[in-house]
Every structure is written in structure tokens, then in C-alpha cells.
Amino acid sequence: MTVYNDQLSQYISDTFAAQDEALRWAWEDTPRQGLPAISVRPEEGRFLQFLVRACGASKAVEIGTLGGYSGIWIARGLLPGGALITLEREPAHAAVARKHFEAAGVADRVEIRIGDARESLRRLAAEGPFDFVFIDAEKSDYGAYWDWALPNVRPGGIIAAHNAFRHGAILDAGDRAAATEAMRVFNRRVAAEPRVISTIFPGGDGTLVAVKK
Ligand code: SAH
Ligand code: MG
């Protein structure tokens, strides 16, 4: 029997998630600039791009920009004329991301909004509805981001959330860390939400995906 594992995840990357120079640079340059090395992996980025195009997204929102690596993949999945609004608290992260978006040729389609995402989202609601939302900031805030995303995504739109596995910690009963508990609660809550059809893509650290009915 074949079981999903890191080798198969690597196989997906090698086969489907070829990176051009700009993506490779964004990936390597982000930690070099002193930002945490927590960008999505290439196969996860490819999956985001796939989801964006599969739901025909023109209007996407990302919560947690970091160095822009996942944002490049999302922007490259948008329909022509589409745009990504990506939210980031740290001006220094936004500055690094802006460089990477320019190098990837998507700066014309990506707007970085600096500030606390909860505040930015309150204002952003007036610009909706959106086709695609990617949640990838503090795990303890995922519930609040979900509360925003569900009413602000159109039917047929997709909400995705990174780190659904917390690097495997969600299965470790001894791990009572707040972020791990928050992810357990979040996964259970989305799974039980009748207004979406949801599951977890197991590549990398797991991406929860939900399509709104
Ligand atoms: N999506 C990125 C990684 C994001 S890491 C990628 O895969 O390439 C999480 C980011 O969210 C960090 O840059 C952090 O500064 C930002 N963040 C955390 N809490 C936030 C908040 N409340 N508002 C806005 N940004 C936040
Ligand atoms: Mg993440």
C-alpha cells in the first residue's frame, strides 16, 4: 500500500511545481532577509494556483504575506484582469514581498495592505464578494478570519488555510500549545460547517480547503 509521505510530496513538487527564477529567488531570499523560513512549499503553492484557477478567481485575498512566495503562486492563478489583495502586519515583510512581486511580474496584480489583518478585513468587506481567500497568519486568529471569509466569499468560491497539520502536532495528544489547540478547533469547526464542502490537502503542512455551496 502506498502512503502519502515526504517523498511523494517531493515527487509532486518535482513533477508539477517547477519554479521559475523569480519563485526560486523569492523562496531563497525571504529567509536571507531575516524573515522566518515558513513560506508554503512549492507543491503547496502550485495547489493554491490550481485552486484559484479552478474556481475562476478574479478577486483574491491573502492573510499573511511574509515574503510574497505564496502570493506569487496565487497571483499567477488569477484570471486575466484579476487582482490579489494581501494583508501583512509587518512593514519590513511587505517591503521584501514587494520586491519579489516585481521580480515575478505580478506587481500590477497584487496590492499589499499593511496593518493588522483583522482591521484591514473590516474595511475590505465593502470591496467584496471575493472568489478566493487564503488564510496563513497567526493560528489563534484563524477562527476570526474564517468568520470574515465565509460571508465575504461568493458561492463557488474557495477558502484555504495553511498549516492544518501544525507539522503533525495536531495528532500529538500531549501537545496542548495554544496554536495547536486552535488548529484542532478550526479544522473540526470547518469540517462540521454545512455551508461548505471541505477537506485537507495533505501536501506539505496540510492546507484546509473549503468550497462555499
Ligand atoms: N503566506 C506566506 C507565509 C505567511 S507567514 C507564504 O507562504 O509565502 C505569516 C505572516 O502573517 C507573517 O508575515 C506575519 O507577519 C503575518 N501576520 C501575522 N499576524 C498578522 C496579523 N494579525 N495581521 C497581518 N499580518 C499578520
Ligand atoms: Mg503557513
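Trainee: How far is a backbone N or O atom of valine 40 from an oxygen atom of ligand 1?

Mentor: A polar contact is a pair of N or O atoms within 3.5 Å. Here the valine 40 pair is 2.8 Å apart. The model is predicted: local features need pLDDT of at least 70, side-chain atom pairs need 80 or more, and totals for chains, interfaces and linings use all residues. Residues are numbered from 1 along each chain as its sequence is written, chains are lettered from A and ligands numbered from 1 in the order written, and side-chain values use heavy atoms, without hydrogens or water.

Trainee: Which ligand 1 atom does the glycine 64 backbone face?

Mentor: A nitrogen atom of ligand 1, 2.9 Å from a backbone N or O atom of glycine 64. A polar backbone atom of leucine 66 lies 3.5 Å from an oxygen atom of ligand 1. Taken alone, ligand 1 exposes 590 Å², and the protein buries 96% of that (Shrake-Rupley, 1.4 Å probe).

Trainee: Which residues come nearest to ligand 1?

Mentor: A residue counts as near with a heavy atom within 4 Å. Of 20 around ligand 1, Val40, Ser70, Glu88, His93 and Ala117 come nearest.

Trainee: Which protein donors hold the magnesium ion (ligand 2)?

Mentor: Donors are N, O and S atoms within 2.8 Å of the metal (3.2 Å for Na, K and Ca); water is absent, so sites may look incomplete. Asp136 (OD), His162 (ND1) and Asn163 (OD1) lie 2.2 Å from the magnesium ion. Their spacing is D-x25-H-N. Aspartate 136 is in the loop between β4 (130-135) and α7 (142-152), and asparagine 163 in the loop between β5 (153-162) and α8 (178-191), so the pair ties together parts 27 residues apart in sequence.

Trainee: Is the peptide bond from glycine 128 to proline 129 cis or trans?

Mentor: Cis, with omega near 0 degrees.

Technical notes:
Polar contact = N/O pair within 3.5 Å; in protein donor to acceptor, adjacent residues only side chain to side chain. Helix = DSSP H or I, 4+ residues; strand = E, 2+ residues; numbered from the N terminus.
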